[in-house]
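Here's a quick briefing to read with the model open beside you. Take it topic by topic and keep the viewer handy.

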Amino acid sequence: MTDTFTTRTIDVTTGSEETVHDLTAACAGFLRDVAPGRDGLLNVFTPHATAGLAVIETGAGSDEDLLDALRTLLPADDRWRHRHGSPGHGRDHVLPALVPPHATLPVVGGELALGTWQSVVLVDTNQDNPRRTVRLSFLG
């Protein structure tokens, strides 16, 4: 592996509802541009205190199941000490401890080496911030 590092940011509009936003196509497009035929690592990072990244199956209900599980673990109520923003916003600041703001993924031959049903997703429960930045970085 060479010591070539390339990075780019993308902007994502998540809207005003909790969401799981699929980034897989954006990651694949980035790799087509910067790493054709190469092996290495893709790091995906979101520089926000209230969002995270996950590798899950999408489109078969798992994305909604993830949001339901997070609602159970981190209810949007008044238990949180961090109280600015919408009701229960403190839970959004706990989210990155459970769904980290980063993921590092293998790249083989210029393509993500994901499993058949795996997708890279941005998880955003913060209804107060409808715009997110995601940094894609390739090392290879």
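Two strands count as paired if DSSP finds at least two bridges between them. By that rule β3 and β8 pair, with 5 bridges joining them in the antiparallel sense. Helices (H or I, at least four residues) and strands (E, at least two) are DSSP runs, numbered from the N terminus. Before you dig in: this is a predicted model, where local features need pLDDT of at least 70 and side-chain atom pairs count only at pLDDT 80 or more, while totals for chains, interfaces and linings use all residues. Residues are numbered from 1 along each chain as its sequence is written, and side-chain values use heavy atoms, with hydrogens and water left out.

**The chain overall**

- There are 3 helices and 8 strands in the chain, and from the N terminus on they run β-β-α-β-β-α-α-β-β-β-β.
- The radius of gyration (taken over C-alpha atoms) is 16 Å, close to the 14 Å that the globule rule (2.2 Å times the number of residues to the power 0.38) gives for 140 residues, so the chain is as compact as a globular protein of that length.
- Along the principal axes, the C-alpha atoms fill a box of roughly 50 × 30 × 20 Å.
- Of the 140 residues, 42% count as buried, meaning under 20% relative accessible area with a 1.4 Å probe and protein chains only (exposed is over 50%, partly exposed in between).

**The five-stranded sheet**

- 5 strands make an open sheet in the order β1-β8-β3-β5-β6, with antiparallel pairing.
- Its edge strands are β1 and β6 (111–112), each of which pairs on one side only.
- β1 and β8 run antiparallel and are joined by 9 bridges; along them, threonine 9 stands opposite arginine 135 and threonine 7 stands opposite serine 137.
- Serine 137 of β8 is also the bridge partner of asparagine 43.

- β4 and β7 pair over 6 bridges in the antiparallel sense, and leucine 53 stands opposite leucine 122 in β7.
- In helix α3 (residues 90–98), Gly90, Arg91, Asp92, Leu95 and Pro96 are buried, and what covers the buried residues of α3 includes β4, α2 and β7.

**Nonpolar cores**

- A nonpolar core is a set of buried Ala, Val, Leu, Ile, Met, Phe, Trp, Tyr and Cys residues joined through side-chain atoms within 4.5 Å.
- The largest one has 20 residues, and those with the most contacts inside it are Leu23, Leu42 and Val44.
- At least two residues of this core come from each of β1, α1 (24–34), β3 (40–45), β4 (51–56), β5 (102–108), β7 (119–124) and β8 (131–139), and α1 gives the most, with 4 residues.
- Leaving out residues up to four places away in sequence, leucine 42 touches a list of residues including Cys27, Phe30, Leu31, Leu105 and Phe138.
- A second, separate core of 12 residues includes Ile56, Leu66, Trp80 and Val123.

**Glutamate 18**

- Where does glutamate 18 sit? Look in the loop between β1 (5–13) and β2 (19–22).
- Is glutamate 18 buried or exposed? Its relative accessibility is 15%, so glutamate 18 counts as buried.
- The side chain of glutamate 18 makes polar contacts with the side chains of arginine 71 (2.5 Å) and arginine 91 (2.3 Å).
- A polar contact is a pair of N or O atoms within 3.5 Å; within protein, one must be able to donate a hydrogen and the other to accept it, and residues adjacent in sequence count only if both atoms are side-chain atoms.
- Setting aside neighbours within four places in sequence, glutamate 18 is in contact with Leu67, Arg71, Arg91, Asp124, Thr125 and Gln127.

Key
Contact means heavy atoms within 4.5 Å.
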